[in-house]
Amino acid sequence: MASLFPKKMRSKSNTRDTDWGTKKKSMTSAYSLAAIPSTIKLNSHIPYYAIPEEPISLPEFLRLCDQRKKFPILYKLEFQAASKVESNSCKYALKRENLEKNQNQKCIAYDYNRVVLSKPTGYEGSDSSYINASYVDSLLKPNAYIVSQGPTEETVVDFWRMIWQEQISAIVMLTKTFDFTKVMCMQYWPASRDKGETYGEIEVIIAKEEELANFHIRTFEVIKFENGVNVKRTIMQFHYTQWHSHSCPYSNAILEFRRRVRAVVGKTTKPILVHCNDGGGRSGVYLAIDANMELAEEEETFFLFGYLKRLKQSRKGLIENVEQYKFVYSTLEEHLINKISWFSVAELSEKLKEKSKKDPNSKMNQYQKEYLEIVNQTPKFSIGDCAGGHRADNREKNRDVLCIPPDNFRPYLTSFQGNTFTDYINAVFVDGYTKPKEYIVTEWPLKSTLGEFWSLIYDQECAAVVVLCQPPHNSQQYPAFWPDRQSKKYGPVFTVEPISHSHFTNIKTWIFKINKKVISLTELMAGVKAPPKTTQLFLLTCWPMGQKVPSSTNSLVELMNMVERWRQRVDYGPVCIVSPDGRSRAGVYCAANACIEQVIQHGEVDVFQAVKTVRRHRPQLVENMTEYKYCYDLVLHYVLHYLNKEPKI
């Protein structure tokens with residue numbers, strides 16, 4: 001495979017030997033199949049070995065993944081073997097005048113493949129050619145990427161010089177500007193679309209910005225005065241916002257992110273600029289996924305181990321630990337298993353007909369196969385993950401001890417209601433299509449948790465409350481938790497006051513003002529005020545208890561539209577979804593609403609990925625095939641009856 005190992009000059013000042021045979025250390029028996037401990041030895045006839053030294057076919061790769069699930073130590077063996085590569089000279093990065101240009105001394109550019117900046121016009125000072133950035137090959141093309149650290153205040157002008165000089169095709173940013181209290185990367189683009197910013201000789205203007213749950217897409221107009229005229233270029237930035245340092249994101253979100261990048265970049269010959277905060281672990285993970293998927297598209301093979309060795313020889317710190325390497329494996333595996341699950345709105349009716357046809361071999365239709373795959377890929381949480389809900393003082397606040405929110409993904413109550421109250425309510429955040437934590441899914445409150453429910457709405461500033469069931473009047477099991485006509489107190493500090501009430505076909509709505517009384521001595525002494533907050537409650541009356549789907553699909557779609565119109569008026573706070581048990585019905589609402597957003601924004605449908613996303617934090621959501629199929633029905637109904645039609649007033 002000659003295309004895997006091209007030879008090419010890398011920088012203007014240094015020659016690079018890209019003959020990987022001369023760079024590679026010979027593999028000793030320490031990494032052979034025979035060296036694996038006897039407890040995990042494999043049969044000698046198996047055609048895929050502990051460490052794949054050659055590109056492997058896609059079916060072989062899936063078997064390799066199964067092997068590593070049985071013997072996780074193989075990830076470590078493989079990672080350690082790839083990391084034992086020759087180190088290269090870093091004398092430019094380690095020069096005294098360049099040290100402060102590096103955010104992390106463990107992630108710096110080698111001399112042989114560093115990006116060399118040309119001198120600025122009229123520059124008479126000392127050497128300004130250094131920037132912490134490296135050329136990196138893909139598995140098919142030399143110099144396919146430039147990996148850089150995120151710019152600092154000192155290096156932001158050099159960063160834009162590099163973008164202009166190297167004619168970057170797109171920017172892939174994999175870090176937040178702030179992560180908790182730490183500055184991870186300077187914001188190197190204007191603060192708003194109203195006004196551009198100038199970085200040295202380059203002016204940057206935001207022409208367009210699109211926000212999705214896990215990433216933002218910005219279109220920059222970049223202008224530089226050259227040879228007596230203003231030269232303008234358009235560069236797109238893909239900014240992944242939900243990837244914390246030293247962690248791994250969700251595979252399906254990264255695959256969707258990569259799809260958006262490739263839709264713009266295509267088969268460009270210009271390099272893609274990839275950076276995280278230091279140009280290390282996260283950048284290496286993205287390169288490994290992107291380069292191997294590109295290889296699979298061309299030659300139907302993966303070469304993960306070989307590319308890891310290449311990354312280790314290209315720049316310090318790329319893919320920093322075994323967990324990140326394991327994530328690359330799992331993401332490529334998910335890509336192969338799930339294939340392409342999205343399709344255009346124009347294909348919707350035809351696709352649904354195809355999905356209904358039964359496979360004569362498996363006796364299953366496509367809906368059933370998809371849902372089975374989702375169930376197999378849904379994460380499982382341990383009791384330790386959900387420790388808050390299992391504490392003795394919180395246990396009685398749950399309707400079902402098998403449906404407890406993970407501590408990392410539950411909303412914490414912050415309003416003080418007395419010493420007997422805790423920060424816990426059985427609720428969980430769910431991502432939408434355009435915003436993370438767009439929904440909060442919770443169960444119908446118990447008589448003892450009415451105060452906690454209104455604390456949730458107040459503390460999280462929920463714009464709307466959507467109730468997807470109507471229990472019998474005066475039900476003991478499902479107590480009323482909102483007032484109908486007069487103000488009512490819930491718990492020791494919250495009073496809910498009805499402002500207005502409307503009644504539509506199968507839908508009732510109330511607008512409430514929530515008043516909070518400050519009873520914390522500390523807050524009283526500090527003069528803390530608790531301003532009233534407003535929310536609107538939407539009640540769907542056509543989904544009787546015990547019924548799997550509502551009697552009117554149109555009413556549920558209309559309810560979704562009413563909620564979105566209300567949120568547009570009140571600045572898009574999260575939506576609290578209430579179901580009888582915190583699991584049934586709510587997932588249908590969240591997944592179908594996300595799909596409708598995708599239809600509106602991009603003309604695409606991807607129910608499979610929407611349901612996977614909804615189940616990330618609460619595996620019980622969309623709990624059966626009926627609900628999964630109904631998500632498709634809701635999207636179809638919206639497309640047939642609402643898309644491109646004037647909204648109802």
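Okay, let's start at Ser382, which sits in the loop between α11 (366-377) and α12 (387-390). Helices here are DSSP runs of H or I with at least four residues, strands are E runs of at least two, and both are numbered from the N terminus. Ser382 and Val231 are 151 residues apart in sequence, and their C-alpha atoms are 57 Å apart in space.

Quick housekeeping. This is a predicted model, where local features need pLDDT of at least 70 and side-chain atom pairs count only at pLDDT 80 or more, while totals for chains, interfaces and linings use all residues. Residues are numbered from 1 along each chain as its sequence is written, and side-chain values use heavy atoms, with hydrogens and water left out.

On to the domains. The chain splits into domain 1 (89-119 + 127-291) and domain 2 (368-643), with bounds from an automatic or database domain assignment. Their C-alpha centres lie 38 Å apart. The contact (heavy atoms within 4.5 Å) takes 11 residues from domain 1 and 16 residues from domain 2.

How much area do domain 1 and domain 2 bury between them? It's about 1,100 Å², with 38% of it on carbon and sulfur atoms; that's the accessible area, 1.4 Å probe, that two parts lose on being put together, summed over both. In domain 1, Ala213, Tyr250 and Asn252 lose the most area to domain 2, together 47% of what that side buries.

Between the domains I have 2 salt bridges, meaning a side-chain nitrogen of Lys or Arg within 4 Å of a carboxyl oxygen of Asp or Glu. Glu604 and Arg259 meet through their side chains in a salt bridge, 2.8 Å from N to O. On the domain 1 side that touches domain 2, β9 (202-211) and α6 (251-265) are the elements giving two or more residues. The largest share comes from α6, with 4 residues.

Last stop, helix α13 (residues 450-459). Why call α13 largely enclosed by the rest of the structure? Because 10 of its 10 residues are buried. After α13 comes Glu461, with a positive phi near 55°.

How values were computed
Buried means under 20% relative accessible area, exposed over 50%, partly exposed in between (1.4 Å probe, protein chains only).
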